[in-house]
Amino acid sequence: MLLVTSRGTGRWVIPKGNPMSGTAPHVAAAQEAEEEAGVLGPVCPTPLGSYRYRKRRGSGASLMMDVDVFPLAVTRELPSWKEQQQRERRWFTLSEAAEAVEEPDLRDLIRSFGASEFKAATQRTGVLGAVAEKSRLGPMFAWFQRLLPRTGNFFELFEAHATTVMAAGDALARLLAGGPAGKEHIREVIEREHDADNITREVLQTVRKTFLTPFDRGAITSLIGALDDSIDEMQATVNAIALYEVESFQPEMKDMAGIIVDAARITAEAMPLLRNVAQNASRLHELTERIVRMEGHADDIHAAGLKRSLKEHGATDTLKFVVERELYKHLERIVDAFEDVANEIDGIVIDHA
């Protein structure tokens with residue numbers, strides 16, 4: 001997690017600022033991150049939560065401030081930025097970041113990013129080099145290689161698939177952010193989808209060969225199927241973008257991409273917790289509730305985006321409206337697939353906790 005120092009006291013904080021008139025809160029948060037920390041990336045419009053702190057005003061008054069916190073997946077660090085000379089920025093591990101900040105509620109929000117079971121999963125050894133080498137995983141997903149199974153272990157297969165979905169979601173978000181590297185991002189999503197298909201095939205073959213499974217066979221196939229639906233729709237989205245040669249994207253599409261990135265992150269955290277459902281039932285339920293909440297928010301964004309597209313292009317450029325409607329349809333289906341994953345996990349929790 002990236003933190004910056006405050007200008008007044010030099011303590012470690014997250015980038016933040018006052019609401020901007022006419023600007024959605026998550027968009028304002030992303031702008032503050034760019035100005036104060038010099039970072040860019042997709043921001044999820046659904047807040048993680050909020051915290052309070054006391055701020056001293058220029059008048060001398062010390063007032064309580066409420067801060068809504070939005071997750072932003074950093075894809076680019078700028079070499080120079082607006083407040084570079086006024087702040088220090090630094091990457092922390094989650095535990096270090098939680099200890100560095102002073103506000104208790106913010107500390108809890110930071111800790112909510114990483115359950116101990118999730119972090120423990122990233123330390124496991126075992127490599128299936130073909131998928132990792134083919135994907136040419138970047139540093140952010142280097143631990144993906146350690147999640148891939150040598151043998152038919154269902155949990156490792158779930159985790160490997162979820163990590164592949166998370167990588168594809170990041171590539172999709174970079175594509176929707178615009179820029180000259182669109183073809184590369186399209187290619188990465190397609191490659192990730194092929195990797196996910198290989199993992200799905202391994203799960204289905206293992207189910208047929210295994211006498212005792214950690215969950216009911218139907219639950220296993222439904223869970224991997226829902227995971228695979230999410231990345232299939234990502235591939236359908238980039239295929240449509242390539243077919244219609246779309247190069248610019250509406251703000252609502254970027255907002256839905258932000259939701260997809262965070263839903264994929266939450267899903268990747270949930271998978272290792274299935275190794276001990278009884279012990280992790282509370283955390284799993286918390287994570288699935290977040291996904292369901294984000295899916296409802298995505299529905300509202302989808303409706304607003306369609307309305308904007310119809311108003312701007314419906315009467316003058318019907319083809320562009322049809323293309324944008326198709327992209328919205330695929331983006332909505334990606335989020336719906338994550339909700340299906342959440343529902344499958346809830347079902348497993350109910351049956352086994």
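Here is a quick tour of this structure, from the whole chain down to a few single residues.

This is a predicted model, where local features need pLDDT of at least 70, side-chain atom pairs count only at pLDDT 80 or more, and totals for chains, interfaces and linings use all residues. Residues are numbered from 1 along each chain as its sequence is written, and side-chain values use heavy atoms, with hydrogens and water left out.

**The whole chain**

- The chain has twelve helices and seven strands; these are DSSP runs numbered from the N terminus, with helices being H or I of at least four residues and strands being E of at least two.
- Of the 353 residues in the chain, 50% are buried; buried means under 20% relative accessible area, exposed means over 50%, and partly exposed is in between, using a 1.4 Å probe and protein chains only.
- Take the contacts in the chain with a separation of 6 or more: 71% of them join residues 24 or more positions apart. Contact here means heavy atoms within 4.5 Å.

- Three strands make an open sheet in the order β2-β1-β7, with antiparallel pairing; two strands pair if DSSP finds at least two bridges between them.
- The edges are β2 (12–13) and β7 (89–91), each of which pairs on one side only.
- Strand β1 (residues 2–5) pairs with β2 over two bridges, in the antiparallel sense. Here Thr5 stands opposite Trp12, and Val4 has Val13 as its bridge partner.
- β1 also pairs with β7, again antiparallel, over three bridges. In that pairing, Leu2 has Trp91 of β7 as its bridge partner.
- β1 and β2 form a hairpin with six residues between them, and Gly10 in the turn has a positive phi of about 75 degrees.
- Both faces of β1 are covered, with Leu2 and Val4 buried on one side and Leu3 and Thr5 buried on the other.

**Helix α7 and its two partners**

- Helix α7 (residues 154–176) and helix α9 (residues 217–244) have axes that come within 10 Å and cross at roughly 20 degrees. Axes are lines fitted to C-alpha atoms, for helices over the stretch in contact, and angles run from 0 to 180 degrees between N-to-C directions.
- α7 and α9 are therefore roughly parallel to each other. For angles, under 35 degrees counts as roughly parallel, over 145 as roughly antiparallel, 65 to 115 as roughly perpendicular, and the rest as oblique.
- The residues that make this contact include Phe154, Phe158 and His161 of α7, along with Ile220, Leu223 and Ile224 of α9.
- The residues of the α7 and α9 contact split into 16 nonpolar, five polar and one charged. Ala, Val, Leu, Ile, Met, Phe, Trp, Tyr, Cys and Pro count as nonpolar, Asp, Glu, Lys and Arg as charged, and the others, Gly among them, as polar.
- α7 also packs against helix α8 (residues 182–209), at an angle of about 165 degrees and with the axes 9 Å apart. That makes α7 roughly antiparallel to α8.
- For α7 with α8, the contact residues divide into 14 nonpolar, six polar and five charged.

**Some residues to look up**

- Val341 sits in helix α12 (residues 318–352), and at 1% relative accessibility it counts as buried. Leaving out residues up to four places away in sequence, Val341 touches Leu223, Ala226, Leu227, Thr267 and Met271.
- Val341 and Ile224 are 117 residues apart along the chain, yet their C-alpha atoms are separated by 8.3 Å.
- His26 belongs to helix α1 (residues 25–37) and is buried, with a relative accessible area of 7%. Setting aside neighbours within four places in sequence, His26 is in contact with Val43, Cys44, Pro45, Phe70 and Asp255.
- His26 and Pro47 are 21 residues apart in sequence and 7.9 Å apart in space, C-alpha to C-alpha.
- His313 is part of helix α11 (residues 277–313) and is buried too, with a relative accessible area of 11%.
- Glu245 lies in the loop between α9 and α10 (251–273) and is exposed, with a relative accessible area of 66%. Its phi is near 55 degrees, a positive value in a residue other than glycine.
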